[in-house]
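Me: I'm new to this one and would like to learn how to read it. Could you walk me through it feature by feature?

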Amino acid sequence: MPDLSRLSHPDLDPTETREWLEALEDVLRHDGPERAAFLLDHLLDLSRRRAAAEGHHFGPLGLNTQYVSSISKEQEPDYPGDLDLERKIRALLRWNAMAMVVGANKRLDGIGGHIATYQSVAVLFETGFQHFWHAATEEHGGDLVFFQGHASPGIYARGFLEGTFEESQLLRFRQEVEPGGISSYPHPWLMPDYWQMATVSMGIGPLNAIYQARFLKYLHHRGLADTANRHVWAFCGDGEMDEPESQGALTVAGREGLDNLIIVINCNLQRLDGPVRGNGKIIQEMERLFHGAGWNVLKIMWGSDWDPLLAADHDGRLVRRMLEAVDGEMQNYGAANRGGAYMREHFFGTDPELAKRVEHLSDEQLAGLTRGGHDPVKVHAAYKKAVDHEGQPTVILAHTVKGYGMGGDGEGLNTAHQQKKMKVDSIRSLRDRFQVPVADELLPTEDSDLGNLPFVRPDDDQPEIAYLKARRQELGGPFPSRRTSAPALEIPGLDTFKALFEDTGDREISTTQAFVRFLNLLTRDKNLKERLVPILADEARTFGMEGMFRQLGIYSPKGQLYEPVDRDQLMFYKESTSGQILQEGINEAGAVSSWTAAGTSYSTSGLHMIPFYIFYSMFGFQRVGDFIWAAADMQARGFLLGGTSGRTTLNGEGLQHEDGHSLLMAATVPTCKAYDPTFHYEVAVILQDGLRRMYGPDDENCFYYLTLLNENYSQPAMPETTTPDSVTEGIIRGMYLFQKSPSRAKKKRVQLMGSGSILREVLAAAELLEQDWGVAADVWSCPSFVELRRDGMATDRWNLLHPESEPRVAYVTQCLEGHAGPVIASTDYMKAYADQIRAWVPGRFSVLGTDGFGRSDTREKLRYFFEVDRHWVTVAALKALADDKAVSANTVSQAIEAYGLDPEKADPTTV
């Protein structure tokens with residue numbers, strides 16, 4: 001089966017090839033590119049069909065171009081800057097970035113850092129800094145840049161030249177515990193005035209960039225902000241593109257025509273351990289991928305010093321050789337330990353004619369031939385083409401060398417990524433190669449002295465600094481820079497949601513329906529309606545939200561080009577360019593990225609938006625936890641709502657769907673306030689509190705996670721004030737007394753805790769204890785064991801550091817003060833969830849939970865199986881009393897028999 005796809009095949013009939021090309025040129029000249037494209041499409045279609053019929057493999061026709069730059073020398077625009085001054089600036093940045101990492105690791109062995117990434121990406125970054133990236137001003141909303149995280153030393157080095165950072169801060173690279181240090185990678189949480197985006201977890205950057213660009217379009221189409229002149233740039237390595245997240249949403253950008261998005265892939269052909277595609281061509285692979293996804297693809301392959309050789313390549317021999325050399329070979333040609341002689345023999349020497357064409361070049365000149373990503377003229381041409389392009393997102397595939405300039409300590413070597421140290425000889429070589437103004441006497445003579453490498457910063461009146469600052473002034477100011485706040489919103493009071501505080505009587509509803517009702521009430525608020533961003537992953541009907549399709553509309557940049565099949569129904573599927581709902585399809589990673597974009601809008605666009613992303617709770621933190629962690633780093637605000645939650649509450653779906661641990665995962669995120677409400681009024685209180693804290697005058701950097709139930713039951717009215725705080729305060733802080741036992745005279749008492757769906761089992765257990773065993777039971781609703789734990793830890797820490805002051809008392813302890821008896825907690829989550837508060841519960845504490853794999857059955861059977869139903873709660877309470885000698889052990893045995901509990905039942909964690 002012949003492979004007919006490679007452009008590197010010898011030309012068997014040059015005359016015929018020339019005639020075809022001349023005919024195509026004639027069509028282009030007389031009929032234009034659209035006619036030429038039409039003819040080519042028909043030729044390709046015929047070729048593919050004939051090849052398929054005859055059993056041939058035609059390959060990815062039309063998706064690849066030659067292994068040369070997309071923009072020829074003749075098409076390059078005039079360069080707008082001073083190339084010599086910019087070269088000198090880059091030299092200073094390369095040096096200072098290297099000195100930062102080498103010095104830090106000499107002074108503090110093992111502190112880490114990366115040298116090679118910035119050395120390969122320096123020109124790609126600097127061309128953006130000097131000519132393209134706008135800072136936010138009154139006239140321009142500002143560009144957003146997702147920097148390749150491992151290159152952070154170079155960004156800090158630029159900040160040093162600009163005056164953003166002092167030398168003392170560069171000396172404290174990766175030393176952040178004490179003030180004055182700078183973070184390892186782009187972390188807005190750690191440097192909130194500086195870094196815009198968190199990127200270094202591989203794959204996070206490209207996907208988030210797509211949805212940030214899409215959200216800018218969303219704001220523009222809805223008339224909320226003018227984002228027409230803004231761009232989102234994302235830099236990533238070719239190795240990073242192996243992450244599924246890097247590739248997962250490329251078709252989203254293509255089909256929505258995100259021409260405000262530019263992804264630059266630093267194709268140095270290497271990942272951490274070795275070549276990305278040693279036996280292939282990663283650039284050609286990426287070109288096919290992005291072309292197929294509907295992107296504008298620009299390749300920057302070879303530097304200007306290759307132009308004469310390419311101009312002389314009349315027979316295509318050089319271009320064919322470029323294409324047939326696999327990346328493992330290309331890595332060798334760029335490696336410092338190979339040199340020009342190796343390139344002469346192994347690249348040009350495979351073809352005697354090619355060898356003749358470079359006879360006039362010395363080995364040193366051959367070794368100096370640059371890759372396109374290191375040539376500012378080539379990079380600028382591609383960037384300008386990308387910025388001017390309309391109708392498609394653009395990817396720029398920039399051919400570079402990893403560790404460019406590091407010499408034998410990393411240039412083109414498999415060890416480059418891990419290099420944190422360099423030898424004196426390699427440092428001198430880097431200085432000489434880039435003409436860095438560091439005198440010999442300032443350089444150490446021994447490797448052991450490299451902890452004192454000097455940083456170089458010319459005075460402000462020197463041409464390099466004056467030029468750098470002038471360029472940034474023209475583009476709006478220093479970059480990157482991050483907004484930390486936006487004008488506060490007017491938040492409605494709790495009385496707006498009073499309908500959710502009343503007894504529903506015979507009408508049974510779920511907490512999911514309570515949320516939808518809350519959201520509907522918000523859509524009537526003139527101050528907040530336009531700021532709401534409902535986000536769905538194709539589950540609106542699951543959560544009863546389909547009524548919002550017509551009410552708010554589904555955002556689509558193309559509007560609605562068809563008549564929906566349910567057009568004659570009240571709740572028809574309505575798409576609109578001004579639609580408010582973000583419908584992401586079955587795409588949790590995309591949905592949470594949209595949530596992040598909306599949740600950081602106060603920073604990226606100076607405009608508070610309020611995202612509500614509702615999803616199957618099992619497919620939230622467990623599936624996209626890395627994205628949520630990055631969102632917290634970027635100080636995202638908004639609401640995540642885990643619907644159909646609880647190991648036993650989503651009863652029929654089984655093991656893969658039933659969530660018993662998302663609240664524990666939420667507890668790992670410091671800025672996440674996680675709640676498991678049982679009643680409609682708890683949902684309303686929590687959501688209103690979130691609005692107030694995140695979008696009101698509090699301006700708090702946090703977000704909320706609420707689990708929601710699909711179980712319907714009658715919702716009670718909110719109880720009256722309890723101790724030690726009001727019910728609303730208790731809900732927010734994590735617990736309140738929902739029901740006090742009426743039997744005050746009984747000596748046998750227990751305190752029962754519950755949350756979510758299992759609180760109702762706890763209430764039923766309180767009745768059984770009273771009726772069957774004469775035990776008084778107070779019932780506590782605990783919407784957040786996470787918040788209770790945090791309060792307890794904060795209390796313990798304060799007491800530790802103030803040993804001579806009167807100790808503070810944890811909120812759990814305050815609540816239980818004066819309430820006698822052991823405490824039993826039961827939830828629809830793993831035991832570890834409620835067990836978080838054990839340290840602050842006075843007396844005996846027993847916990848029930850749903851550890852183990854879920855399974856399908858009725859709710860009643862599942863709650864028995866996981867040992868959290870009313871009978872198990874009752875037995876656990878009696879056992880705790882028996883351990884306290886308040887009842888006999890025989891009483892517990894009687895209860896086990898009375899309720900039909902099987903003492904030999906298998907442990908649910910083992911089956």
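Me: Let's start with helix H13: what do its buried residues pack against?

Reply: The buried residues of H13 pack against helix H10 (282–292), helix H12 (317–324) and helix H14 (339–346). Contact here means heavy atoms within 4.5 Å. Helices (H or I, at least four residues) and strands (E, at least two) are DSSP runs, numbered from the N terminus. Before we go on, bear in mind that this is a predicted model: local features need pLDDT of at least 70, side-chain atom pairs count only at pLDDT 80 or more, and totals for chains, interfaces and linings use all residues. Residues are numbered from 1 along each chain as its sequence is written, and side-chain values use heavy atoms, with hydrogens and water left out.

Me: Which residues of H13 are buried?

Reply: Buried means under 20% relative accessible area, exposed means over 50%, and partly exposed is in between (1.4 Å probe, protein chains only). In H13, which spans residues 327–334, the buried ones are Asp327, Met330, Gln331, Tyr333 and Gly334. Looking down the axis of H13, you'd find these buried residues within an arc of 160 degrees, so they line one face of the helix. That arc is taken from the directions from the helix axis to the C-beta atoms.

Me: Now sheets. In what order do the strands E16 to E20 sit?

Reply: The general idea is that strands of a sheet pair through backbone hydrogen bonds, either parallel or antiparallel. For counting, two strands pair if DSSP finds at least two bridges between them. Here five strands form an open sheet in the order E16-E18-E17-E19-E20, with mixed pairing. Strand E16 (736–739) and strand E20 (845–848) are at the edges with a single partner strand each, so one side of each has no neighbour in the sheet. From one strand to the next, the twist averages 30 degrees. Angles like this run from 0 to 180 degrees between N-to-C directions, and axes are lines fitted to C-alpha atoms, for helices over the stretch in contact.

Me: Which helix packs on that sheet?

Reply: Helix H28 (residues 758–773) does, touching E16, E17, strand E18 (776–781) and E19. The direction of H28 makes about 170 degrees with that of E18. Within the sheet, strand E17 (residues 749–754) and strand E19 (residues 823–826) pair in the parallel sense over four bridges, and Met753 stands opposite Ala825 in E19.

Me: How many residues of strand E11 are buried?

Reply: Seven of the seven residues of E11 (residues 610–616) are buried, so the strand is largely enclosed by the rest of the structure. Strand E7 (residues 532–536) is joined to E11 by five bridges and runs parallel with it; Leu532 has Ile610 as its bridge partner in E11. Five bridges also join E11 to strand E12 (residues 639–643), again parallel. There, Phe612 has Phe639 in E12 as its bridge partner. The chain gets from E11 to E12 through helix H24 (residues 621–633), and this β-α-β crossover is right-handed. The term means that, with the strands pointing away from the viewer, the path from the first strand over the helix to the second runs clockwise.

Me: Can we zoom in on one residue? Is Thr874 buried or exposed?

Reply: Thr874, in helix H33 (residues 870–883), has 0% relative accessibility, so it counts as buried. A polar atom of the Thr874 side chain lies 2.7 Å from the backbone oxygen of Arg870. Polar contacts are pairs of N or O atoms within 3.5 Å; within protein, one must be able to donate a hydrogen and the other to accept it, and residues adjacent in sequence count only if both atoms are side-chain atoms. Leaving aside neighbours within four places in sequence, Thr874 is in contact with Ala765, Leu768, Leu769, Trp773 and Tyr899.

Me: Last topic, the backbone. What is the phi of Leu269?

Reply: Most residues other than glycine have a negative phi, and most peptide bonds are trans. Leu269 has a phi near 70 degrees, a positive value in a residue other than glycine. Leu269 lies in the loop between E3 and H10 and is buried, with a relative accessible area of 1%. Gln435 also has a positive phi, of about 55 degrees, without being a glycine, but Gln435 is exposed, with a relative accessible area of 56%. As for peptide bonds, the one from Phe479 to Pro480 is cis, with omega near 0 degrees.
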